[in-house]
Structures are given as C-alpha cells and as structure tokens.
Amino acid sequence: MRHPFTLFIGWRGDSEQYMWYLGWFWHAAIAGINPLLTTGVFNYPSGLNLMWNTSLLAPAVLLGPLSHLFNLVFTYNFLSVLNLGAAFVLGELILRRLGVRAWLAQAGAVLIGLTPYGTAQTLGGHIILTTTGAILGLVYMLVSSIRTPIKRPAIFGGLIGLLVAVQFYTSLEVLAIFGLVAVLGIFLCLVLCPFELRRWASGLPRALWLPAVTVAFFLMAPGFYELFFGPYRPTGWLQPGNTFVTDLLNFVVPTRVLALSNRGTEAIARRFTGNLGENDGYLGFPAIALLVWALFQLRQRRIVKALFLAGLILCLLSLGPFLHFGGYDTKIPLPWLVFEVTPGFYDILPCRLMFFVDLGTVIAVIVAVEAYLQTSYRRLAPVLALGSLLVVIATWFPALPFTYSGSPGAGAAIAPGGSMYALLRGQPTYILTSDFPQTMVSLAQGGYAFPVANVYGHNSNSRLQTGRLTRLACLLGKTAVPHCPNPGVTPSFAAARRILLDSLPGLQVRRLVFFPLSHGVSKIPPALKEAITSLYGPAAVRTGQAYLWRIPSKINPAPLRPRVSHTP
C-alpha cells in the first residue's frame, strides 16, 4: 500500500472501530482509567464493558508504541500485515514439525495465509478474527508435544498459559471456538483412537500444568472479573440468530472477494444471508477433491480419521441452526440449534468456525501429499503435487486490487488544532452521522478529547436510552436502523424537532455535531438543519459540510415555522 498512514486495508465501518480500540488501552492506562471500561468516554453517560466487545486489548498493549509514533491507521495496517506474516511463518513451522519437507511446507504456509476465511474477514474489517497468531502458536505447541518429548515443561506450560491469555484479550469468541474444537477432537480421539490419545497424554509431564494454569489465571483474572462482575454487562442474545451462517452453496461458490468470482457466482453469492465479510465458507472443488484424496491417502491412520470427522462436524455446525441454500432458509433444523441455547456459545457466529476448517484442510492435504511423495517412485510426482496445490492457491487467491479505504475528511475539524476542537474538548457530545463507526478513528486520533453519547457495541443501555439513540439515528433516514418509521426518508421539520426534543436531553450532552461522510450522508438535510437551528440557535462552527451546535441548558420547545419549505 502506498499510503499506509492515511488508507487502510478493507471496507469502512468495523475497521475504524478497531482503530479506536487499538488506541484506547494506553490512553486509558496513562490517564488512570480502567482500560477494560469506557466509563464517561464512550456511550456517555455510562460506558461499555470491553470484555463484552471485541476490543483487541492484547494487540493494543503490544502495538501501543506504534500508535504513539505514527497513527492508528498505520498501526491497523501493520497489524493486518503482521497477521499475514504470522500465518505464513507459523503455518510453515507447524507443517515442518509434522515432518513435511521444506518446499511443501512453504506451499502449505501460502495456503494458510490465503484462506478464503482470512480474505473475507480482512476485507470486512474484522481484524480480531484474523489476529490468530496465538491460536497458531498453540497448534504448533500441540504438534510439538505429539512429535517430541517436552524438555522444559515449566517454560512450555508458561508459554501455553501466555498464549491462551493473549487470545483471551484478542478475541474471546475465537478462543471459545478453539475450546470447542479441542473438546470435539479429544472426544473423537477417545472413540476412534484411544490408544494414541492415552500414549500422548501419559507423555505429558505433570510439571507442565501448574505453570500453564498459573500464568493463564493471573493474566486473565482482571478480564474475567469485568466479564462476570463488571459494569455495563449486556443481557440477552447479542447477535442475530440464523443470519451469519455458512450457506451450503458457499462451500463451492466464491464471493467477489476472490479472484475466481464472476458475474454468475456473484449473482448467487449476493443472496447469501449475513454480509460479504462473513460469507467465508468457500473451499472450492479442487480443495474438496484434494481433501477426499487425502482421507484415502491417510486412511490407515486412525487419528486422521478422527480429525477428518471433526472437520466434517465443524462444517455442519457452521451451517447454523437451519440449513440455508442459495440464500433461502429451508427451515431444516441442524445441530447448531443446541448451541443456540448453550451459555457461552449462543453468541458465536457459526460461519466463524470456518477458520479451523480451512486450517485443518490445509494441514491434512499437505501431510497427505508428503506421505504420497515418500512412497511414490514417479519422477513427476513432485510436479503433480505442486501443480495440484497451485490450482488450490489460484482458486483461493483474493481479488485484486485489494480493497482499501480512507478516513473521513471531516475528522480534521475535531482533531487537535481543528476548528471544532476547542469547543468540543471535555464536552459531552452527540455525533449526528449516517455511519458512526466511520467517525471512531477520528475520535481516537483526536486523543479521546471529548465524551460521545453514541454507541457501537454490545451495551447495557435501558430500552429508553436505546430508543433515544435509535430515533436520533433515524434523523438522517438510515435504512440500516431498525424501527425507523420511514426508512430511507429524512424526517420533516416538525418530526425532526420532535425527535430532538424527545431524545437529546436524555443523553445529557452539551454539543451536537453533524459529521459528513463521503460514503454516507455528506450534507445535512435542510429540514433537519432548520429544526436544529430553531432549537439551539445558529451553528457555533461550520467547516465545509460539518456543523457544531452548542446545546443550551434551557430550550424553547414552542414550535417554529421553518424558513424554507420542505417535503415531509
């Protein structure tokens, strides 16, 4: 990327949210604020519990100096590239530990770095789901414990505890899925290969467990406390059910994030539920064919049968509670229904299990190719193997040029030295914008200088407070906001005044900012501007299409006639 300080990898929205999180930890720690909460800063006047949100705490701790030296856009890009590098390096180490020759392990590492899951989630801005270095590190340590005796169990156990804690503070959801996969794998090994499992377990030194549990416990204790006893804990289901699932056709139909996609596949993929960033279930016919061949090639190894069965079960679980086919909900019930009522799992998005399916697919295929090369006497065997892997790489290759986005231009107005900064500093503010997450990087790079009543994340707001925020979001006619009376239509002068009078006082804010977006509402609707002016007076600051109003302590609610006519 030519402009790593101003443009970032992926689409707008969630990417800027994670930039906010990347800068928050050290800002809060230096200011003496609990970094696991956003009390009085975000979702004002209350806050968010970051253990209930995907807040990238571990990467934020490690990359804090980069954010200070450069900016959050660069830090986000650096983390994205670092994730890709970690997938390559750790993927190769895992395969080499499994006895795979160098060039073949490198080819497998390329596949691990180019999984369709990783491409979709990266473009979707879900960097928490691609920051999987800790998971790959745990897989490497698992493979190492199987292949060779553990020489320094105390250090080995401490590293396990450290990696678990890092993943806990990166993405609790991915850690929970890893736990599910581990339990499933152990159960299937107990059934299909108990002798191998007992031999492995008996070879683990007892000195391993105490350091592992101790390190994990002490590092994770603050997070667990906030998770179960801290304030702002949300209740109920946090994610919509039966939406972010793997469509059955997605296994063989690529979305437009992959180079293989065309108009025909896009027409099918467009009907999948969820969104493009979560439609990550593609494997493709070449990979599936190689996987079937790998099962045949390794059929004598009982542990391989257990792992293959685990992969099939994960694919089945990723389909969600009901089978989706070409975007159509068939209402056919599936096993994930059990997890929808299981505490700790009902908020997991089933499609995100595909990370482990992709990883297992690559490992199985590469190990099978290695076994084939060791027993084949054909001169063209390596060429045939490499050609097959290149076909899979071609089907998994991302569409180019890679999508990148930029921060909103209006962010300069609220940054230190900007035209609005002095009036906003320390003042509770509501930001009127068509997509609030896009503004979050501007708020963070401005030094979290003023509290905002807006919220993007799982929260404990009352129904009354949620209703206020929803009605205010409807002022710009957002079609994505549920319960707007006329989605896609901006309210009339009278309706806008009524919404402002009913909702804004409950947020306890002293400033109102209209924040234009080039990819959203770029100009405030005239009727809305007149309604705001009639209540709070002329804008105190205007910069381009951005406006700032002071909210007076006393407001005249008497209806006024707009100075210009508007269509309701």
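This dialogue walks through a few features of a predicted model.

Biologist: What should I know before reading the numbers of the residues and the pLDDT limits?

Modeller: Residues are numbered from 1 along each chain as its sequence is written, and side-chain values use heavy atoms, with hydrogens and water left out. In this predicted model, local features need pLDDT of at least 70, side-chain atom pairs count only at pLDDT 80 or more, and totals for chains, interfaces and linings use all residues.

Biologist: Is Y282 buried or exposed?

Modeller: Buried means under 20% relative accessible area, exposed over 50%, and partly exposed in between (1.4 Å probe, protein chains only). Y282 has 4% relative accessibility, so Y282 counts as buried. Y282 lies in the loop between α13 (263-269) and α14 (285-297). Helices here are DSSP runs of H or I, at least four residues, numbered from the N terminus.

Biologist: How many residues of α17 are buried?

Modeller: 19 of the 22 are, so α17 is largely enclosed by the rest of the structure. Helix α17 covers residues 354-375. From first C-alpha to last, α17 reaches 32 Å, close to the 32 Å expected at 1.5 Å a residue. That expected span is 1.5 Å times one less than the number of residues.

Biologist: Which residues make the nonpolar surface patch?

Modeller: Patch residues have over 30% relative accessible area and no salt bridge; nonpolar side chains (Val, Leu, Ile, Met, Phe, Trp, Tyr) are joined within 5 Å. A salt bridge is a side-chain nitrogen of Lys or Arg within 4 Å of a carboxyl oxygen of Asp or Glu. Here I186, F187, L190, V191, L192, L309 and L312 make a patch of about 650 Å². Helix α10 gives the largest share, 5 residues.

Key:
Helices (H or I, at least four residues) and strands (E, at least two) are DSSP runs, numbered from the N terminus. Patches are made of residues with over 30% relative accessible area and no salt bridge: like charges are joined within 9 Å, nonpolar side chains (Val, Leu, Ile, Met, Phe, Trp, Tyr) within 5 Å. Accessible areas come from the Shrake-Rupley method with a 1.4 Å probe; for residues, only the protein chains shown count as cover.
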